[in-house]
Structure formats: structure tokens, C-alpha cells
Amino acid sequence: MKEFKIGKQEFRMPTEWKEITLATYVKMAELDEKKEDIGMPELYLLKVIEALCGVEEGDLDDLTLDMVNELSESVGFLKEEPTWSNTKHIKIEDIDYVFPSDLNKLTMGEYISIKTLQDAQSTKSGIIPYILAIILRPGKLVLNEETGKEVWKQDKFNVANLEWRKELFMNQPVFDLMGPVTFFLNGSGTFTTNIKDSIPEA
């Protein structure tokens, strides 16, 4: 994390992928979708820094050009496509959340829920946390009687806690979450932020 001040106010900005939460990743991906509409490279860079810092639009307007140039050197990692982890489960607050063992075998309920929520989003990236809330569910290790090995088994899908799980995942590191999601996005949910031409001259 890179720390900096504007006056007496302190800010923290991630400087590597493992520090990015799902909420920040979704904001960054949505920014990337709107990049052409934003137009001005300097404004886009400022919005990137705002998103990384988790602040509201305008909160960093008092950054000097020198500070923006310095901060821009720390966001270069965004130009590199991360290699997402392919974990089978994660633990959050003592609860094991399990990914499907085979994403080609989703139930009709899971598939229809994803498509319905996808159609309701204003951006392509908005579906990402919902996909996770559907496919990443509580589960437990069970013994496979034939092999004698323990395997992860998900709880049955229902929509009861969908919004709650979505909000829970928003605060988790994106690095351990995005691998299985890219199966559904076919590349449309990934982005590479190009800041090469977005750095204003001091």
C-alpha cells in the first residue's frame, strides 16, 4: 500500500493485485468500460486513483500534478493481466465457501439466476459479484467412500442469502475469487488499464 496526504487527510492506495478487493476490482472494470466516454487521459488516471483509494469522485481534486505523476508510477501493475488463483475454497469468518467442482455442470436454477441478474446490470462488470454469490457457497469436506479421500461439497443453491453473500465478497481480496468467474465472462470481465498516455506533464 502507498500512503499519501492531501493537507491533513490521509489516503492509502493499493500497489499490487493482492491488495485489491473485489469492490475495487469491479469499480476498475467499470471504469475501463467507460474509458472512451471519459475521454481525457488525465481525468481517466485521476478516476483510476480515486477507485484504488476507495474515495468519492472529487475527493482527490486537490492532488498536484507532481503528486499525480508520483502516484501513477505505483499503478503500473494494472497494465499486467493477473494470473488468478484457482482455489477450490476460501474461508471467511470461520465459514468455508466452496467453488463448484465442475463449472460445466451448473444447475438450471444457477444458470437462470446468473442470466437474469446479468440482464439487469448497467455494466458488464456489475454481474461479477452476483456470479460469485451464486457459485461460491458454504460447503464442507465429505468423505468419498470409494476413494477414501475428502472432497469439498457445496450446500444446495438457493437465493435466500444472495445479496448478503454478494456484499460479503465485495470486501474480500479479488485475487482468490476471479479464477472461476472468468469461465462465465469469456474475457469480458477482465481489463488491462493502460496508463501510458494518461500521465499529465508536471
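Q: Where does Leu 22 sit?
A: In this predicted model, Leu 22 belongs to helix α1, which covers residues 22–33.

Q: Is Leu 22 buried or exposed?
A: Leu 22 counts as buried, because its relative accessibility is 0%, and the cut-off for that label is under 20% relative accessible area.

Q: What does Leu 22 touch, if I ignore its neighbours within four places in sequence?
A: With those neighbours set aside, Leu 22 is in contact with Ile 128, Pro 129, Leu 132, Phe 169, Met 170, Gln 172, Val 174 and Leu 177.

Q: And how far is Leu 22 from Glu 167, in sequence and in space?
A: The two are 145 residues apart in sequence, while their C-alpha atoms are 9.8 Å apart in space.

Q: Which residues of the largest nonpolar core touch the most other members?
A: That core has 54 residues, and the ones touching the most other members are Phe 4, Leu 22, Leu 52, Leu 60, Leu 132 and Phe 169. Helix α3 gives the most to this core, with eight residues.

Q: What about Phe 4, what is it in contact with beyond its neighbours within four places in sequence?
A: Phe 4 is in contact with Gln 9, Glu 10, Phe 11, Met 13, Cys 53, Leu 60, Leu 63, Met 67 and Leu 71, once those neighbours are left aside.

Q: Leu 71 is in α4, I think; which residues of that helix are buried?
A: In helix α4, residues 65–72, the buried ones are Val 68, Asn 69, Leu 71 and Ser 72. Looking down the axis of α4, these buried residues fall within an arc of 165°, so they line one face of the helix.

Q: What do the buried residues of α4 pack against?
A: They pack against strand β1 (2–6), strand β2 (9–13) and helix α3 (41–53).

Q: How accessible is Glu 70?
A: Glu 70 is partly exposed, because its relative accessible area is 43%.

Q: What does Lys 47 pair with?
A: The side chain of Lys 47 meets that of Glu 57 in a salt bridge, at 3.3 Å from N to O. Lys 47 lies in helix α3 and Glu 57 in the loop between α3 and α4, so the pair ties together parts that are ten residues apart in sequence. Lys 47 counts as buried at 18% relative accessibility, whereas Glu 57 counts as exposed at 65%.

Q: And which residue does Glu 110 bridge to?
A: Glu 110 meets Arg 137 in a salt bridge, with 2.7 Å from N to O. The pair links distant parts of the chain, since Glu 110 is in helix α5 and Arg 137 in strand β5 (residues 137–143), 27 residues apart.

Q: Are those two buried or exposed?
A: Glu 110 is buried, with a relative accessible area of 5%, and Arg 137 counts as buried at 5% relative accessibility.

Q: Which residues form a nonpolar patch on the surface?
A: Met 108, Tyr 111 and Ile 112 form one, with about 340 Å² of accessible area together. Met 108 lies in helix α5, residues 108–119, and counts as exposed because its relative accessibility is 58%.

Q: Last topic, the backbone: what is phi of Glu 93?
A: Phi of Glu 93 is near 50°, which is a positive value in a residue other than glycine. Glu 93 is found in the loop between β3 (89–92) and β4 (95–98), and counts as exposed at 64% relative accessibility.

Q: And Asp 94, what is its phi?
A: Asp 94 has a positive phi of about 70°, although it is not a glycine. Asp 94 also has its place in the loop between β3 and β4, and Asp 94 is exposed, with a relative accessible area of 71%.

Terms used: Residues numbered from 1 in each chain as written. Predicted model: local features only at pLDDT ≥ 70, side-chain atom pairs only at ≥ 80, totals over all residues. Heavy atoms only, no water. Buried < 20%, exposed > 50% of the residue type's maximum accessible area, 1.4 Å probe, protein only. Helix = DSSP H or I, 4+ residues; strand = E, 2+ residues; numbered from the N terminus. Arc of directions from axis to C-beta. Contact = heavy atoms within 4.5 Å. Patch = residues over 30% accessible without salt bridge, like charges linked within 9 Å, V, L, I, M, F, W, Y side chains within 5 Å. Areas by Shrake-Rupley, 256 points an atom, 1.4 Å probe, with all protein chains shown as cover. Salt bridge = Lys/Arg side-chain N within 4 Å of Asp/Glu carboxyl O. Core = buried A, V, L, I, M, F, W, Y, C linked by side-chain atoms within 4.5 Å.
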